[in-house]
Amino acid sequence: MTTTSPTTGTRQPVRDDSDVVRVRQAVRRLAQQARLSLVDQTKLVTAASELARNTLVHGGGGEAEVELVTSGLRTGVRAVFSDQGPGIADLDLALTDGWTSGGGLGLGLSGSRRLVEHFAIDTTPGVGTRVEIAAWAR
Amino acid sequence: MNEVPILKIGSTLLVSIQVELQDDTVLQLQEDLAARITRTGARGVIIDISGLEIVDSFIGRMLASVAAVSRVLDARTVVVGMRPAVAITMVELGLGLHGVQTALDVDRGLALLSPDSGAAEDVLLAAVERDAG
Ligand SMILES: Nc1ncnc2c1ncn2[C@@H]1O[C@H](COP(=O)(O)OP(=O)(O)O)[C@@H](O)[C@H]1O
Ligand SMILES: [Mg+2]
């Protein structure tokens, strides 16, 4: 498990609508610290908002971990969303633009994948879902 | 949950979103706007999103719904003040905002909604016809 210090990362619960806002704010703060461009900050925060909402709505709640990362000489931000919810049975379908199991626009997963440099998803039906995203300053 | 105030200027409702929008606030605003359009008989709605740092699919859907609902209630909605980084991100996310009219700022939004904007066209048309005739 990654250890995070208060200045370079946070781990926070995703249990209600206000938690989703707090995750966005944490991602924005670190994206600024990592000196991402304004457009890249906006893309990363938007993706984080979609994924935190999925954790809450589809995963039944969980947590988000946000931290500064380095890759070679580049600084970036990584965010991990995890829950112990129902998981995703058909991942290809879930990643299709416009597909929703109900209630949404079906753009959260497919859209956030387009918005960030790194996107990885790990899900097991009946066990839970973990989505990791990252973006680096150019 | 933060409440978003709705102002009435003549026959136009003006909403300037200055708070961090959480999902329940978004749903509340959508309901409040529909109620206010009906109650006031407003003909136009301007939603100023210059204060928004992001528009994700939830907020985007609200904007499209408000536009659709207002149309049914015989009012027009104009979304103004979208930041360039937000516009770029929305397109990449796949959010089209179909059926939502946009303008650069509140002034231009008001001009779009003003009953005179139709009249202005007529004036122009009249001038053209005069010239032709
Ligand atoms: N954390 C999750 N746990 C379980 N299912 C999920 C999770 N995230 C996404 N999904 C599934 O993937 C589908 C697509 O997600 P998304 O693209 O965000 O669209 P939406 O949230 O609008 O339905 C969801 O409808 C849901 O069925
Ligand atoms: Mg979603």
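I started with B:Asp23, which lies in helix α1 of chain B. Helices here are DSSP runs (H or I, at least four residues), and strands (E) need at least two; both are numbered from the N terminus.

A note on the source: this is a predicted model, in which local features need pLDDT of at least 70 and side-chain atom pairs count only at pLDDT 80 or more, while totals for chains, interfaces and linings use all residues. Residues are numbered from 1 along each chain as its sequence is written, chains are lettered from A and ligands numbered from 1 in the order in which they are written, and side-chain values use heavy atoms, with hydrogens and water left out.

**Entry: B:Asp23**

Is B:Asp23 buried or exposed? I found B:Asp23 buried, at a relative accessible area of 8%. Buried means under 20% relative accessible area, exposed means over 50%, and partly exposed is in between (1.4 Å probe, protein chains only).

Next I looked up what B:Asp23 touches. Leaving out residues up to four places away in sequence, I listed A:Asp17, A:Arg24, A:Arg53 and B:Phe58. Contact means heavy atoms within 4.5 Å.

**Entry: A:Arg53**

I followed A:Arg53 from that list. A:Arg53 makes a salt bridge with B:Asp23, and the closest N and O atoms are 2.5 Å apart. The pair joins two chains, because A:Arg53 lies in helix α2 of chain A and B:Asp23 in helix α1 of chain B. A salt bridge puts a side-chain nitrogen of Lys or Arg within 4 Å of a carboxyl oxygen of Asp or Glu. A:Arg53 is buried too, with a relative accessible area of 7%.

I then checked other partners of A:Arg53. The side chain of B:Asp56 meets that of A:Arg53 in a salt bridge at 2.7 Å, N to O. Within chain A, A:Glu50 forms a salt bridge with A:Arg53, with the closest N and O atoms 3.6 Å apart. A:Glu50 and A:Arg53 are three residues apart in helix α2 (residues 38-57) of chain A, so about one helical turn separates them. Both A:Glu50 and A:Arg53 are buried.

**Entry: another salt bridge in chain A**

I looked at A:Arg130 and A:Glu132 as well. They form a salt bridge, the closest N and O atoms being 3.1 Å apart. A:Arg130 is partly exposed at 35% relative accessibility, whereas A:Glu132 is buried at 15%.

**Entry: the contact between the chains**

I moved on to the whole contact. Chain B gives 20 residues and chain A gives 23 residues. About 2000 Å² is buried between chain B and chain A, 56% of it on carbon and sulfur atoms. B:Ile54, B:Glu92 and B:Leu93 supply 28% of the area that chain B buries against chain A, more than any other three residues. Buried area is the accessible area (1.4 Å probe) that two parts lose on being put together, summed over both.

I counted six salt bridges between chain B and chain A. I also noted 13 residue pairs in polar contact, both residues at pLDDT 80 or more. A polar contact is a pair of N or O atoms within 3.5 Å; within protein, one must be able to donate a hydrogen and the other to accept it, and residues adjacent in sequence count only if both atoms are side-chain atoms.

On the side of chain B that touches chain A, the elements giving two or more residues are α1 (23-40), α2 (57-72) and α3 (84-93) of chain B. The largest share, six residues, comes from α3(B).
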